[in-house]
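Reader: I am new to this structure and would like to know what lies behind the terms used for it. Please go through them with me.

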Amino acid sequence: NTVYDESFEYVGENLTVNRMRLPAVGRQHLEKRLVCQASNTQLMTPQFKVVVLDINLKPVDVTILNKEKQISADKKYEVECKATGSRPEATITWYKGSRQVHKIAKTVNRHSDDEHQISMLSFIPLIDDDGKYLTCRAENTAIADAAIEDKWRLNVHYMPVVTLKMGSSLNPDDIKEGDDVYFECNIRANPKAYKLAWFHNGQELHHNVTSGVILSDHSLVLQGVTRQTAGDFTCLAANTEGKGTSNPVALKVMFVPTCKEEREELYGALKHETVHLKCEVDANPPVVTFQWTFNNSGEQTDVPSSRYTSQGTVSRLNYTPVSDMDYGTLSCWGANSVGQMRAPCVYQVVAAGRPFPLLNCTVTNHTSDSLHVECLESFDGGLPQMFLMELLELPERTPRFNVTVTRAPPIFEIYGIESGATYQVNLYALNAKGRSDPVTLETVTFKGVAKYIGPVTTVTITPVLTCLLATAGALLLVTLCVAAALYRRRQARRRPTVKLESLDMDDTLSHGAVLITANNTAPSPADETDPDIIPNKYERRPLKGFMKIYKTPPQRRRKKDGSEEGDFVSETDDVETTLNHLHAAKENIANNTHIVNNSSTLRAHKGVTASSPVGSVPVLTRPNHVHPPNTLGPALNHAHPPTTLGPNHNHKLGPEVVTASHRIQ
């Protein structure tokens, strides 16, 4: 409601005009309302018209939204550009360098307080785009010179682009053996290459001054090249994006002709026999001219060109010796644009023929199935020779075996010949012209027993089989030893042994001899209840009751109850011994042996007395038995009459003697 201009003027009788000028229309005037009002009296309502300002505006800002520090070549990227403040919509265009990019996808977004447009560009950067600017331009076509721009400098990373070329000062078509050559490797890479390698025919080269290979920054130097140096050369560079290989550069080295066969060839020929000689060389360039020479005894002559032909790197000569002077050395010379070959190809032509027969052939070893023959070589006919032995079975002379020896001396060996056959042995010397006359060894017979001819099965003795056989043998030996030991032990147990053990001589008044059977004794139930943990073989037990025994001297000892039975006294100065009569009863050899001291048992065994030499074990004696003289003590060197114990004899009980399996009183 602000009055901006009240001026007016009359134009004509009924026309009043007001002209208003806005000198600086700006963005603040957009969509403002201008009201033009006219009135002539208060009696009427004023008339008015309203004008709304619609203003064309320039773009205020344009921005590339996703600017990356680096991008990789040959990869697809989406780039956005935003333009703001244009009325009507801004026109957005893209430029790469100075050229416009037409592949654009456009999206427009409108807001109440702002208007902006977004343009999306899809592009694939190239190696050549590195360092260029990608420009986004926004302009309002209704306003002249209203365009604004935003730029992005492209940093394109790519694998090395490598190019190789020979040194600029060299002529690739004029490199000879002995020349120096160098190559230059140009690398274009972002980021910079961290590795550079050189290759010759696919094999990597390494710095070696001795061999004439020098690697510098971006160059390769080859000193004194040879024909082996020729080939394709490449260089390879690598960075974080990958590896790049250069174009191959071929190195051609020109050299004089050289023989393909470096050795001297020998040809044997008869007179008027034609020998075909072929001379083939390596050369670069391959255009070669040939010349042949002949030398027999120090005199060298040229072979007429009409006698040989040449084509490329091959020359052929047909040579026919007519006389002895035609045998000698033929030399083939070749030359090209580089020069003449340094050494010719040599061919020796000698008078050739069959070799002479072998000499002094002797059978040095002859068995039932083998033959060994030794000979001496003779003249070889002018050519290399070898040797042959043939075995012909008689009487049909059917060829059965042959042996060839390629080098001197001629020594022949053959094995596996069937026994019982007779052969004729022929020996030859051979060369390219044929074989010599044979040397024959007549009727060589291989004697032997008749053999069964049939399928033969061979058993291979492997280490595993050997170990198994040895183990089986050892087990068998151990088994036999154990069986023998068990057998001997069992036999020893079956053999009954009777042993008489005596008590101390001091106790002979009240002790007798005890008969003990060492084997074939079965344990009694009383033994099983024996409280001893470790049973002893002998054990003394005191007399029944606590009686004190007084020994009476023999001269004061008297007979009781008027009986002389039961006591036997032997008087001597050296030994005083009193033996109690022992009566042994053996009821069963497999059962336990019992020693009985009561009088009833003694009466059942009358006529048996016990006697013992001094210091010996008591033995059982029969009545009327006389000891041999000088074997018993002085007091016992006489016959003992039989002695019996009466039923009323008072036999004193001796101490108990306990064995491992019995208790005997």
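**Terms and the values behind them**

Author: Glu390 forms a salt bridge with Arg435, with 3.5 Å between the closest N and O atoms. The model is predicted, so local features need pLDDT of at least 70 and side-chain atom pairs count only at pLDDT 80 or more, while totals for chains, interfaces and linings use all residues. Residues are numbered from 1 along each chain as its sequence is written, and side-chain values use heavy atoms, with hydrogens and water left out.

Reader: Why is the contact of Glu390 with Arg435 called a salt bridge?

Author: The term requires a side-chain nitrogen of Lys or Arg within 4 Å of a carboxyl oxygen of Asp or Glu. Glu390 and Arg435 have their closest N and O atoms 3.5 Å apart, so the pair is within the 4 Å cut-off. By this rule the count comes to 17 salt bridges.

Reader: What makes the pair of Glu390 and Arg435 a tie between separate parts of the sequence?

Author: Glu390 lies in strand E34 (residues 386-393) and Arg435 in strand E38 (residues 434-435), so parts 45 residues apart in sequence are tied together. Strands (E, at least two residues) and helices (H or I, at least four) are DSSP runs, numbered from the N terminus.

Reader: How do you know whether Glu390 is buried or exposed?

Author: Buried means under 20% relative accessible area, exposed over 50%, and partly exposed in between (1.4 Å probe, protein chains only). Glu390 has a relative accessible area of 19% and is therefore buried. Arg435 counts as partly exposed because its relative accessibility is 34%.

Reader: Which side chain meets Arg87 in a salt bridge?

Author: The partner of Arg87 is Glu31, at 4.0 Å from N to O. Arg87 is in the loop between strand E7 (77-84) and strand E8 (91-96), and Glu31 is in the loop between strand E2 (16-17) and strand E3 (33-38), 56 residues apart. Arg87 is partly exposed because its relative accessibility is 22%, whereas Glu31, at 52%, is exposed.

Reader: Why is Leu330 called buried?

Author: Leu330 has 0% relative accessibility and therefore counts as buried. Leu330 is part of strand E30 (residues 328-335). Beyond residues up to four places away in sequence, Leu330 touches several others, including Leu277, Trp292 and Tyr347; contact means heavy atoms within 4.5 Å. The C-alpha atoms of Leu330 and Thr293 are separated by 5.7 Å, although the two are 37 residues apart along the chain.

Reader: What makes strand E6 and strand E18 edge strands?

Author: They belong to an open sheet of five strands with mixed pairing, in the order E6-E14-E15-E19-E18. Strand E6 (71-72) and strand E18 (213-215) each have a single partner strand, so one side of each is left without a neighbour in the sheet.

Reader: Which faces does strand E25 have?

Author: Strand E25 (residues 275-284) has a covered face that includes Leu277 and Val281, and an uncovered one that includes Lys278 and Asp282. In a regular strand the side chains alternate between the two faces of the sheet. Lys278 stands opposite Arg316 in E29.

Terms used:
Pairing = 2+ DSSP bridges.
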